[in-house]
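I opened a notebook page for this structure and wrote down what I looked up, entry by entry.

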Amino acid sequence: MLAELGYSRAEIGWVFTAFALIYGIGKFVSGMICDRTNARYFMTIGLIGCAVCSLCIGLANSLPVFVFFYALNGAFQSTGWPPVTRLMTQWYPPSELGTKWGIVNASHQIGSIVILLLGAHLSIHFGWRSVFIVPAILVLLISVVLFERLRDSPQSLGLPSIEDKENLEPDDAHLAHEDVTFKEVIFEHILPNKALWFVCMANFFVYTIRMGFFYWAPTFLQEARGTDIVGAAWQNVAFEFMGSIGGIIAGWSSDKLFGGRRNCAAFYFTICLIIALFFFWKTPSTSLAMNTVFLFIIGFFVYGPQTLVGIAGAEFGSRRAAATGNGMTGMFGYFGGAVSGWGVGKIADKWGWDFAFLFFILCGAAGAFFFMLNWNKTSQRYKIKA
(Lines give C-alpha, C1' and ligand atoms only; values in the text may rest on other atoms or scores of the structure.)
Protein backbone atom coordinates (compact mmCIF):
# COMPACT_ATOMS: atom_id res chain seq x y z
CA MET A 1 0.00 0.00 0.00
CA LEU A 2 2.85 2.40 0.85
CA ALA A 3 4.49 1.75 -2.52
CA GLU A 4 1.37 1.75 -4.72
CA LEU A 5 -0.53 4.64 -3.13
CA GLY A 6 2.44 6.81 -2.14
CA TYR A 7 1.51 7.45 1.51
CA SER A 8 4.01 8.03 4.32
CA ARG A 9 4.24 5.83 7.43
CA ALA A 10 2.54 8.55 9.49
CA GLU A 11 -0.34 8.83 6.98
CA ILE A 12 -0.97 5.08 6.95
CA GLY A 13 -0.58 5.23 10.73
CA TRP A 14 -3.76 7.35 10.84
CA VAL A 15 -5.66 4.34 9.49
CA PHE A 16 -4.41 2.24 12.41
CA THR A 17 -5.12 5.05 14.88
CA ALA A 18 -8.71 5.52 13.67
CA PHE A 19 -9.32 1.78 14.01
CA ALA A 20 -7.82 1.64 17.51
CA LEU A 21 -9.78 4.64 18.82
CA ILE A 22 -13.15 3.42 17.56
CA TYR A 23 -12.39 -0.18 18.57
CA GLY A 24 -11.43 0.89 22.07
CA ILE A 25 -14.54 3.00 22.66
CA GLY A 26 -16.69 0.34 20.98
CA LYS A 27 -15.29 -2.36 23.25
CA PHE A 28 -16.48 -0.50 26.34
CA VAL A 29 -19.92 0.20 24.84
CA SER A 30 -20.19 -3.37 23.56
CA GLY A 31 -19.32 -4.66 27.01
CA MET A 32 -22.18 -2.73 28.64
CA ILE A 33 -24.64 -3.93 25.99
CA CYS A 34 -23.36 -7.50 25.99
CA ASP A 35 -23.86 -7.93 29.76
CA ARG A 36 -27.62 -7.88 29.05
CA THR A 37 -27.93 -9.45 25.57
CA ASN A 38 -27.46 -12.85 23.92
CA ALA A 39 -23.85 -13.46 22.86
CA ARG A 40 -24.93 -15.64 19.93
CA TYR A 41 -26.68 -12.82 18.09
CA PHE A 42 -24.30 -10.10 19.25
CA MET A 43 -21.18 -11.80 17.89
CA THR A 44 -22.77 -12.93 14.62
CA ILE A 45 -23.98 -9.44 13.69
CA GLY A 46 -20.57 -7.99 14.50
CA LEU A 47 -18.76 -10.57 12.40
CA ILE A 48 -20.94 -9.92 9.35
CA GLY A 49 -20.32 -6.17 9.74
CA CYS A 50 -16.55 -6.78 9.82
CA ALA A 51 -16.73 -8.74 6.58
CA VAL A 52 -18.66 -6.00 4.77
CA CYS A 53 -16.18 -3.31 5.93
CA SER A 54 -13.21 -5.42 4.84
CA LEU A 55 -14.72 -5.80 1.36
CA CYS A 56 -15.13 -2.02 1.14
CA ILE A 57 -11.51 -1.43 2.20
CA GLY A 58 -10.32 -3.81 -0.50
CA LEU A 59 -12.18 -1.79 -3.14
CA ALA A 60 -11.14 1.68 -1.88
CA ASN A 61 -8.50 4.03 -3.32
CA SER A 62 -8.24 7.11 -1.07
CA LEU A 63 -6.93 7.63 2.44
CA PRO A 64 -10.16 9.15 3.85
CA VAL A 65 -12.12 6.11 2.64
CA PHE A 66 -9.55 3.76 4.20
CA VAL A 67 -9.79 5.66 7.50
CA PHE A 68 -13.61 5.59 7.48
CA PHE A 69 -14.02 1.88 6.79
CA TYR A 70 -11.13 0.90 9.06
CA ALA A 71 -12.82 2.85 11.85
CA LEU A 72 -16.21 1.30 11.08
CA ASN A 73 -14.54 -2.10 11.00
CA GLY A 74 -13.20 -1.31 14.48
CA ALA A 75 -16.74 -0.64 15.70
CA PHE A 76 -17.93 -4.04 14.45
CA GLN A 77 -14.82 -5.86 15.68
CA SER A 78 -15.39 -4.41 19.15
CA THR A 79 -18.45 -6.67 19.45
CA GLY A 80 -16.23 -9.76 19.39
CA TRP A 81 -14.35 -10.07 22.68
CA PRO A 82 -16.84 -8.71 25.29
CA PRO A 83 -19.29 -11.58 24.66
CA VAL A 84 -16.40 -14.03 24.97
CA THR A 85 -15.66 -12.47 28.35
CA ARG A 86 -19.23 -12.98 29.45
CA LEU A 87 -19.32 -16.54 28.13
CA MET A 88 -16.12 -17.45 30.00
CA THR A 89 -17.51 -16.27 33.34
CA GLN A 90 -20.75 -18.15 32.64
CA TRP A 91 -19.08 -21.47 31.81
CA TYR A 92 -15.95 -21.67 34.06
CA PRO A 93 -15.34 -21.19 37.80
CA PRO A 94 -12.66 -18.72 39.04
CA SER A 95 -10.22 -21.52 39.96
CA GLU A 96 -10.01 -22.50 36.26
CA LEU A 97 -10.60 -19.12 34.67
CA GLY A 98 -6.96 -18.07 34.18
CA THR A 99 -5.98 -21.28 32.42
CA LYS A 100 -9.09 -21.47 30.25
CA TRP A 101 -8.86 -17.76 29.43
CA GLY A 102 -5.27 -18.20 28.25
CA ILE A 103 -6.33 -20.99 25.91
CA VAL A 104 -9.27 -19.05 24.47
CA ASN A 105 -7.15 -15.89 24.21
CA ALA A 106 -4.86 -17.76 21.82
CA SER A 107 -7.54 -17.11 19.18
CA HIS A 108 -5.94 -13.66 18.78
CA GLN A 109 -2.63 -15.18 17.83
CA ILE A 110 -4.13 -17.94 15.66
CA GLY A 111 -6.00 -15.33 13.63
CA SER A 112 -2.90 -13.14 13.40
CA ILE A 113 -0.76 -16.05 12.20
CA VAL A 114 -3.31 -16.99 9.53
CA ILE A 115 -3.56 -13.46 8.16
CA LEU A 116 0.21 -12.86 8.28
CA LEU A 117 0.93 -15.93 6.17
CA LEU A 118 -2.16 -15.69 3.99
CA GLY A 119 -1.72 -11.92 3.61
CA ALA A 120 1.91 -12.20 2.51
CA HIS A 121 1.00 -14.83 -0.09
CA LEU A 122 -2.03 -12.92 -1.36
CA SER A 123 -0.25 -9.56 -1.57
CA ILE A 124 2.60 -11.01 -3.62
CA HIS A 125 0.46 -13.01 -6.07
CA PHE A 126 -2.82 -11.06 -6.19
CA GLY A 127 -2.08 -7.58 -4.81
CA TRP A 128 -2.77 -5.95 -1.46
CA ARG A 129 -6.53 -5.63 -2.13
CA SER A 130 -6.94 -9.40 -1.96
CA VAL A 131 -5.66 -9.27 1.64
CA PHE A 132 -8.96 -7.61 2.56
CA ILE A 133 -11.34 -9.29 0.13
CA VAL A 134 -10.44 -12.97 0.66
CA PRO A 135 -10.64 -12.85 4.51
CA ALA A 136 -13.99 -11.04 4.23
CA ILE A 137 -15.41 -14.00 2.30
CA LEU A 138 -13.99 -16.47 4.84
CA VAL A 139 -15.44 -14.46 7.73
CA LEU A 140 -18.93 -14.49 6.17
CA LEU A 141 -18.75 -18.29 6.08
CA ILE A 142 -17.52 -18.44 9.68
CA SER A 143 -20.40 -16.23 10.84
CA VAL A 144 -22.85 -18.89 9.64
CA VAL A 145 -21.06 -21.55 11.73
CA LEU A 146 -20.95 -19.23 14.74
CA PHE A 147 -24.67 -18.54 14.64
CA GLU A 148 -25.45 -22.24 14.31
CA ARG A 149 -23.22 -23.51 17.14
CA LEU A 150 -22.80 -20.76 19.78
CA ARG A 151 -24.96 -20.77 22.93
CA ASP A 152 -25.15 -18.10 25.62
CA SER A 153 -25.07 -20.05 28.89
CA PRO A 154 -25.24 -23.58 30.32
CA GLN A 155 -28.88 -22.93 31.25
CA SER A 156 -29.76 -22.33 27.58
CA LEU A 157 -28.89 -25.99 26.97
CA GLY A 158 -30.75 -27.26 30.03
CA LEU A 159 -27.53 -27.57 32.09
CA PRO A 160 -27.02 -26.30 35.65
CA SER A 161 -25.41 -22.90 36.17
CA ILE A 162 -21.74 -22.78 37.16
CA GLU A 163 -22.82 -21.77 40.71
CA ASP A 164 -24.98 -24.88 41.06
CA LYS A 165 -22.45 -27.19 39.43
CA GLU A 166 -19.54 -26.06 41.61
CA ASN A 167 -21.62 -25.28 44.74
CA LEU A 168 -20.59 -21.64 44.51
CA GLU A 169 -22.26 -18.46 45.65
CA PRO A 170 -21.74 -15.20 43.72
CA ASP A 171 -20.60 -12.24 45.80
CA ASP A 172 -23.28 -10.11 44.10
CA ALA A 173 -26.09 -12.63 44.56
CA HIS A 174 -28.42 -9.90 45.78
CA LEU A 175 -28.53 -8.51 42.23
CA ALA A 176 -31.07 -10.02 39.87
CA HIS A 177 -29.48 -10.91 36.55
CA GLU A 178 -31.87 -8.82 34.50
CA ASP A 179 -32.11 -5.86 36.92
CA VAL A 180 -28.59 -4.40 36.74
CA THR A 181 -28.96 -1.00 35.12
CA PHE A 182 -26.35 0.94 33.18
CA LYS A 183 -26.25 3.44 36.05
CA GLU A 184 -25.51 0.71 38.60
CA VAL A 185 -22.80 -0.77 36.39
CA ILE A 186 -21.04 2.58 35.96
CA PHE A 187 -21.47 4.07 39.44
CA GLU A 188 -21.21 0.90 41.55
CA HIS A 189 -18.92 -1.43 39.60
CA ILE A 190 -16.73 0.85 37.45
CA LEU A 191 -16.09 4.44 38.58
CA PRO A 192 -15.24 3.74 42.27
CA ASN A 193 -13.14 0.68 41.39
CA LYS A 194 -9.50 1.76 41.84
CA ALA A 195 -8.12 -1.70 41.06
CA LEU A 196 -9.90 -1.69 37.71
CA TRP A 197 -8.54 1.78 36.88
CA PHE A 198 -4.97 0.64 37.61
CA VAL A 199 -5.47 -2.35 35.31
CA CYS A 200 -6.78 -0.01 32.60
CA MET A 201 -3.71 2.21 32.82
CA ALA A 202 -1.38 -0.79 32.74
CA ASN A 203 -3.18 -2.09 29.67
CA PHE A 204 -2.79 1.26 27.90
CA PHE A 205 0.99 0.89 28.00
CA VAL A 206 1.07 -2.87 27.32
CA TYR A 207 -1.12 -2.43 24.25
CA THR A 208 1.05 0.41 22.97
CA ILE A 209 3.84 -2.16 22.74
CA ARG A 210 1.68 -5.05 21.54
CA MET A 211 -0.07 -3.11 18.77
CA GLY A 212 3.12 -1.23 17.93
CA PHE A 213 4.76 -4.53 17.06
CA PHE A 214 1.66 -5.83 15.30
CA TYR A 215 1.41 -2.69 13.13
CA TRP A 216 5.06 -1.88 12.55
CA ALA A 217 7.25 -4.97 13.02
CA PRO A 218 7.00 -6.05 9.34
CA THR A 219 7.96 -2.52 8.21
CA PHE A 220 10.80 -2.31 10.75
CA LEU A 221 12.19 -5.72 9.77
CA GLN A 222 12.20 -4.76 6.09
CA GLU A 223 13.69 -1.28 6.56
CA ALA A 224 16.15 -1.82 9.42
CA ARG A 225 16.99 -5.51 9.32
CA GLY A 226 16.94 -6.21 5.57
CA THR A 227 14.15 -8.78 5.65
CA ASP A 228 11.87 -9.28 2.63
CA ILE A 229 8.06 -9.26 2.99
CA VAL A 230 7.76 -13.05 3.29
CA GLY A 231 10.58 -13.23 5.84
CA ALA A 232 8.99 -10.41 7.84
CA ALA A 233 5.67 -12.26 7.80
CA TRP A 234 7.30 -15.45 9.12
CA GLN A 235 9.11 -13.52 11.84
CA ASN A 236 5.84 -11.95 12.91
CA VAL A 237 4.35 -15.43 12.95
CA ALA A 238 7.02 -16.31 15.52
CA PHE A 239 5.91 -13.30 17.56
CA GLU A 240 2.26 -14.34 17.46
CA PHE A 241 2.90 -18.06 18.00
CA MET A 242 4.90 -17.49 21.15
CA GLY A 243 2.28 -14.96 22.19
CA SER A 244 -0.30 -17.74 22.31
CA ILE A 245 2.04 -19.84 24.48
CA GLY A 246 2.79 -16.85 26.70
CA GLY A 247 -0.90 -16.13 27.22
CA ILE A 248 -1.66 -19.73 28.22
CA ILE A 249 1.30 -19.93 30.63
CA ALA A 250 0.45 -16.51 32.11
CA GLY A 251 -3.13 -17.57 32.76
CA TRP A 252 -2.05 -20.92 34.23
CA SER A 253 0.62 -19.34 36.45
CA SER A 254 -1.84 -16.76 37.79
CA ASP A 255 -4.12 -19.65 38.84
CA LYS A 256 -1.54 -22.08 40.16
CA LEU A 257 1.53 -20.05 41.21
CA PHE A 258 0.17 -16.64 42.18
CA GLY A 259 -3.14 -17.63 43.80
CA GLY A 260 -5.28 -15.51 41.49
CA ARG A 261 -3.03 -12.43 41.75
CA ARG A 262 -3.20 -11.59 38.04
CA ASN A 263 -1.36 -8.26 38.38
CA CYS A 264 1.54 -9.81 40.26
CA ALA A 265 2.12 -12.31 37.45
CA ALA A 266 1.68 -9.54 34.86
CA PHE A 267 4.35 -7.42 36.59
CA TYR A 268 7.00 -10.14 36.23
CA PHE A 269 6.07 -10.73 32.60
CA THR A 270 6.35 -7.00 31.87
CA ILE A 271 9.79 -6.71 33.45
CA CYS A 272 10.98 -9.59 31.26
CA LEU A 273 9.39 -7.85 28.26
CA ILE A 274 11.41 -4.68 28.93
CA ILE A 275 14.64 -6.71 29.03
CA ALA A 276 13.77 -8.50 25.78
CA LEU A 277 12.95 -5.22 24.04
CA PHE A 278 16.27 -3.72 25.10
CA PHE A 279 18.33 -6.62 23.78
CA PHE A 280 16.39 -6.75 20.50
CA TRP A 281 17.02 -3.02 20.05
CA LYS A 282 20.71 -3.18 20.92
CA THR A 283 21.47 -6.32 18.91
CA PRO A 284 21.15 -5.10 15.29
CA SER A 285 21.36 -8.18 13.14
CA THR A 286 20.28 -9.16 9.65
CA SER A 287 20.23 -12.80 10.74
CA LEU A 288 16.78 -14.28 10.19
CA ALA A 289 17.35 -16.78 13.03
CA MET A 290 18.49 -14.14 15.54
CA ASN A 291 15.60 -11.77 14.83
CA THR A 292 13.15 -14.65 14.97
CA VAL A 293 14.43 -15.70 18.40
CA PHE A 294 14.00 -12.17 19.74
CA LEU A 295 10.47 -11.96 18.36
CA PHE A 296 9.70 -15.32 19.97
CA ILE A 297 10.73 -13.92 23.35
CA ILE A 298 9.01 -10.54 22.96
CA GLY A 299 5.78 -12.18 21.78
CA PHE A 300 5.81 -14.53 24.78
CA PHE A 301 6.18 -11.73 27.31
CA VAL A 302 3.90 -9.11 25.72
CA TYR A 303 0.89 -11.42 25.36
CA GLY A 304 1.21 -12.70 28.93
CA PRO A 305 0.20 -9.36 30.51
CA GLN A 306 -2.37 -8.74 27.77
CA THR A 307 -4.11 -12.01 28.70
CA LEU A 308 -3.95 -11.32 32.44
CA VAL A 309 -5.40 -7.83 32.03
CA GLY A 310 -8.48 -9.31 30.38
CA ILE A 311 -9.03 -11.73 33.25
CA ALA A 312 -8.46 -9.06 35.90
CA GLY A 313 -10.81 -6.65 34.15
CA ALA A 314 -13.59 -9.23 34.08
CA GLU A 315 -13.03 -10.22 37.72
CA PHE A 316 -12.73 -6.70 39.09
CA GLY A 317 -15.85 -5.69 37.20
CA SER A 318 -17.79 -8.50 38.98
CA ARG A 319 -19.71 -11.28 37.28
CA ARG A 320 -22.72 -9.07 36.56
CA ALA A 321 -20.48 -6.53 34.81
CA ALA A 322 -17.72 -8.83 33.55
CA ALA A 323 -18.01 -7.77 29.91
CA THR A 324 -18.16 -4.10 30.91
CA GLY A 325 -15.03 -4.35 33.08
CA ASN A 326 -13.19 -6.18 30.34
CA GLY A 327 -14.49 -3.72 27.77
CA MET A 328 -13.13 -0.84 29.81
CA THR A 329 -9.64 -2.36 29.99
CA GLY A 330 -9.89 -3.03 26.26
CA MET A 331 -10.87 0.58 25.59
CA PHE A 332 -7.75 1.85 27.39
CA GLY A 333 -5.67 -0.77 25.61
CA TYR A 334 -6.74 0.40 22.19
CA PHE A 335 -6.17 4.01 23.16
CA GLY A 336 -2.60 2.76 23.54
CA GLY A 337 -2.98 1.06 20.16
CA ALA A 338 -4.04 4.41 18.72
CA VAL A 339 -0.82 5.95 20.03
CA SER A 340 1.24 3.18 18.46
CA GLY A 341 -0.48 3.66 15.09
CA TRP A 342 0.16 7.28 14.19
CA GLY A 343 2.57 7.95 17.06
CA VAL A 344 5.15 5.25 16.36
CA GLY A 345 4.91 5.96 12.64
CA LYS A 346 5.63 9.64 13.34
CA ILE A 347 8.51 8.84 15.68
CA ALA A 348 10.05 6.51 13.09
CA ASP A 349 9.62 9.12 10.34
CA LYS A 350 11.13 11.97 12.35
CA TRP A 351 13.75 10.38 14.63
CA GLY A 352 14.22 6.81 13.42
CA TRP A 353 13.57 3.36 14.84
CA ASP A 354 15.94 3.81 17.80
CA PHE A 355 13.60 6.34 19.36
CA ALA A 356 10.65 4.08 18.66
CA PHE A 357 12.29 1.32 20.72
CA LEU A 358 13.11 3.75 23.52
CA PHE A 359 9.44 4.72 23.51
CA PHE A 360 8.40 1.05 23.80
CA ILE A 361 10.74 0.49 26.76
CA LEU A 362 9.36 3.53 28.61
CA CYS A 363 5.84 2.23 28.01
CA GLY A 364 6.86 -1.12 29.48
CA ALA A 365 8.20 0.59 32.63
CA ALA A 366 4.95 2.53 33.05
CA GLY A 367 2.88 -0.64 32.60
CA ALA A 368 4.93 -2.48 35.24
CA PHE A 369 4.37 0.41 37.67
CA PHE A 370 0.58 0.20 37.37
CA PHE A 371 0.62 -3.59 37.73
CA MET A 372 2.65 -3.14 40.90
CA LEU A 373 -0.06 -0.91 42.39
CA ASN A 374 -2.38 -3.95 42.34
CA TRP A 375 0.30 -6.30 43.65
CA ASN A 376 -1.79 -8.32 46.12
CA LYS A 377 -5.20 -7.61 44.65
CA THR A 378 -7.43 -10.60 43.94
CA SER A 379 -11.10 -10.74 43.13
CA GLN A 380 -12.53 -14.09 44.09
CA ARG A 381 -15.98 -13.50 42.66
CA TYR A 382 -17.46 -16.70 44.03
CA LYS A 383 -17.38 -18.28 47.46
CA ILE A 384 -18.11 -21.87 48.41
CA LYS A 385 -21.56 -22.15 49.91
CA ALA A 386 -21.58 -22.98 53.61
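I looked up Phe 239 in this predicted model and found it buried, at a relative accessible area of 1%. Phe 213 is buried as well, with 4% relative accessibility.

Next I checked how these rings pair. I counted 33 aromatic pairs in the structure. In one of them, the rings of Phe 213 and Phe 239 have centres 5.6 Å apart and planes at 15 degrees, so I noted the pair as stacked. This pair links distant parts of the chain, as Phe 213 is in helix α10 (residues 194-224) and Phe 239 in helix α11 (residues 229-256), 26 residues apart.

I then followed Phe 213 to Phe 360, where the ring centres are 5.4 Å apart and the planes stand at 40 degrees, so this pair is tilted. Phe 360 lies in helix α15 (residues 353-372) and Phe 213 in helix α10, so the pair ties together parts 147 residues apart in sequence. Phe 360 is buried, at a relative accessible area of 4%. I also found that ring pairs join these residues into a cluster, whose members include Phe 213, Phe 239, Phe 360, Tyr 303 and Trp 353.

I looked for charges over rings. The charged end of Arg 40 sits over the ring of Phe 147, 4.2 Å from its centre. That of Lys 282 sits over the ring of Trp 281, at 4.1 Å from the ring centre.

Last, I searched for disulfides and found zero. Cys 53 is buried, with a relative accessible area of 2%, whereas Cys 56 is partly exposed at 26%.

Terms used. Residues numbered from 1 in each chain as written. Predicted model: local features only at pLDDT ≥ 70, side-chain atom pairs only at ≥ 80, totals over all residues. Heavy atoms only, no water. Disulfide = S-S within 2.5 Å. Buried < 20%, exposed > 50% of the residue type's maximum accessible area, 1.4 Å probe, protein only. Phe/Tyr/Trp six-rings, centres within 6.5 Å; stacked < 30°, edge-to-face > 60°. Helix = DSSP H or I, 4+ residues; strand = E, 2+ residues; numbered from the N terminus. Lys NZ or Arg CZ within 6 Å of the ring centre and 35° of its normal.
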